[in-house]
Amino acid sequence: MAAAANGESMRSEDTTNSAGVSRDVKDAETAASASKSAGPVRSAKSLVKLEVVVYAIIVVMLAVSCLVDGQVQLTVAELIAQMLVFGIIFWPMRGSIVDRIVGVIGGELMIGGTQMALLDLLPRTGESNGIHRARIGRFDEVASSSLLRACTLWTSALLVVLAAFVILGFLHQMLRRERTNMVLSLSQSLMVNVAVVATSGWVFLPVLLRYFSGHLKGTKVAGAAQIGIVAIVVIVALALLAALACASVRWWQDYETADQPDRSEVVPHWDIDERRRYSWIGIGFAPIMYGGFVVFLAVVALLVFVG
């Protein structure tokens, strides 16, 4: 009888212990799940704050450029583009150092080429010497037909650079020792390279200013229809930029829940844990980099419909 009682007591203790262990495991899983769900919220807020700060810096630089000539305006726009290229350092997705180098080269060529093409269109009065500097005009004084030709040239150069990205990216994937996740790696490397090239669209900001600074100074009188078109284009452009910002939050959440690359696909000296820690910075810069396309399309629309 005593043995039976002891057996019953031991089984009761085992049942209690197993119930306690299962309860502890369940509590741990619940806490981990809550921590995981709380993580994206905090990082999403940080991502949005980053985008707001960067856009605020762009607005301040744009306001300052209203007070200078066209050449300095282009320099300010080039600085904005270079600031956005900085985001490639924190790009968290698949890709090697080769992919980054190819993207930076293509982006810098587009930024420099766009700046030089627009600079050649600016009117100059007088000649520069040791004492006096030639007067450089603004884009208010440039014919819309000349600016449209520059936009066409930019589009042609963009197609060439994108084709080069696809060819070089495919060759790089084929030369890899371990050809795993080729499609995913190629698509993610192209995503960041296209984002870097898109930053060159921000160089067209001085052209966009001609529809505001000119009106404010009274150098160009526009009818009510033209003012309405400018307002519509600006509203649509802002809506597209806001849509990209909202999409970036989803991009980050998808990145957090997706399978991460193995260490053979990580850029040298950039550990996977560090990539995850700073992933929100790279993805936060992405919609602003892609915003260069929005700026370019807005400029083309205004040149076509307003002149």
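Visitor: How much space lies in the largest cavity?

Guide: Rolling a probe the size of a water molecule over the atoms shows where empty space is left. On a 1 Å grid over the protein atoms alone, a cavity is a set of points where a 1.4 Å probe fits but cannot get out, whereas a pocket is an open set with protein on both sides within 12 Å along at least five of seven lines, and lining residues have an atom within 4 Å of a point. Grid points are joined across faces, edges and corners, and a volume is the space filled by probe spheres set on the points. In this structure the largest cavity holds about 40 Å³ of space, and the count of cavities of 30 Å³ or more comes to 1.

Visitor: What should I know about the model and its numbering before reading further?

Guide: This is a predicted model, in which local features need pLDDT of at least 70 and side-chain atom pairs count only at pLDDT 80 or more, while totals for chains, interfaces and linings use all residues. Residues are numbered from 1 along each chain as its sequence is written, and side-chain values use heavy atoms, with hydrogens and water left out.

Visitor: How many helices and strands does the chain have?

Guide: Helices (H or I, at least four residues) and strands (E, at least two) are DSSP runs, numbered from the N terminus. The chain here has 10 helices and 2 strands, and along the sequence these follow the pattern α-α-α-β-β-α-α-α-α-α-α-α.

Visitor: Which residues line the largest cavity?

Guide: The lining consists of Met61, Leu62, Ser65, Gln73, Val76, Ala77, Ile80, Leu205, Pro206 and Leu209. Helix 1, helix 2 and helix 6 each supply at least two of the lining residues, with the largest share, 4 residues, coming from helix 2. For classes, Ala, Val, Leu, Ile, Met, Phe, Trp, Tyr, Cys and Pro count as nonpolar, Asp, Glu, Lys and Arg as charged, and the others, Gly among them, as polar; by class this lining has 8 nonpolar, 2 polar and no charged residues.

Visitor: Is leucine 209 buried or exposed?

Guide: Buried means under 20% relative accessible area, exposed means over 50%, and partly exposed lies in between (1.4 Å probe, protein chains only). Leucine 209, which is found in helix 6, has a relative accessible area of 7% and is therefore buried. The C-alpha atoms of leucine 209 and serine 65 are separated by 8.9 Å, although these residues are 144 apart along the chain. Of the 307 residues of the chain, 42% count as buried.

Visitor: Which residues of the lining lie nearest the centre of the largest pocket?

Guide: Leu62, Leu205, Leu208, Val234 and Leu238 lie nearest the centre of this pocket, whose lining comprises 18 residues and whose space is about 420 Å³. At least two lining residues each come from helix 1 (2-65), helix 6 (205-209), helix 8 (224-257) and helix 10 (279-305), and helix 8 gives the largest share, 5 residues. By class, the pocket lining has 17 nonpolar, 1 polar and no charged residues.

Visitor: At roughly what angle do the axes of helix 2 and helix 3 cross?

Guide: Axes are lines fitted to C-alpha atoms, for helices over the stretch in contact, and angles run from 0 to 180 degrees between N-to-C directions. The axes of helix 2 (residues 70-85) and helix 3 (residues 97-119) cross at roughly 170 degrees and come within 10 Å. Angles under 35 degrees count as roughly parallel, over 145 as roughly antiparallel, 65 to 115 as roughly perpendicular and the rest as oblique, so helix 2 is roughly antiparallel to helix 3. By class, their contact (heavy atoms within 4.5 Å) has 6 nonpolar, 4 polar and 2 charged residues.

Visitor: How do helix 3 and helix 4 cross, and what classes of residue make the contact?

Guide: The axes of helix 3 and helix 4 (residues 144-174) come within 11 Å and cross at roughly 170 degrees, and the two helices are therefore roughly antiparallel to each other. The residues of this contact divide into 12 nonpolar, 4 polar and 1 charged.

Visitor: Where is threonine 199 placed?

Guide: Threonine 199 is in the loop between helix 5 (182-198) and helix 6, and at 0% relative accessibility threonine 199 counts as buried. Leaving aside neighbours within four places in sequence, threonine 199 is in contact with Ala81, Leu84, Val85, Ile111 and Met289.
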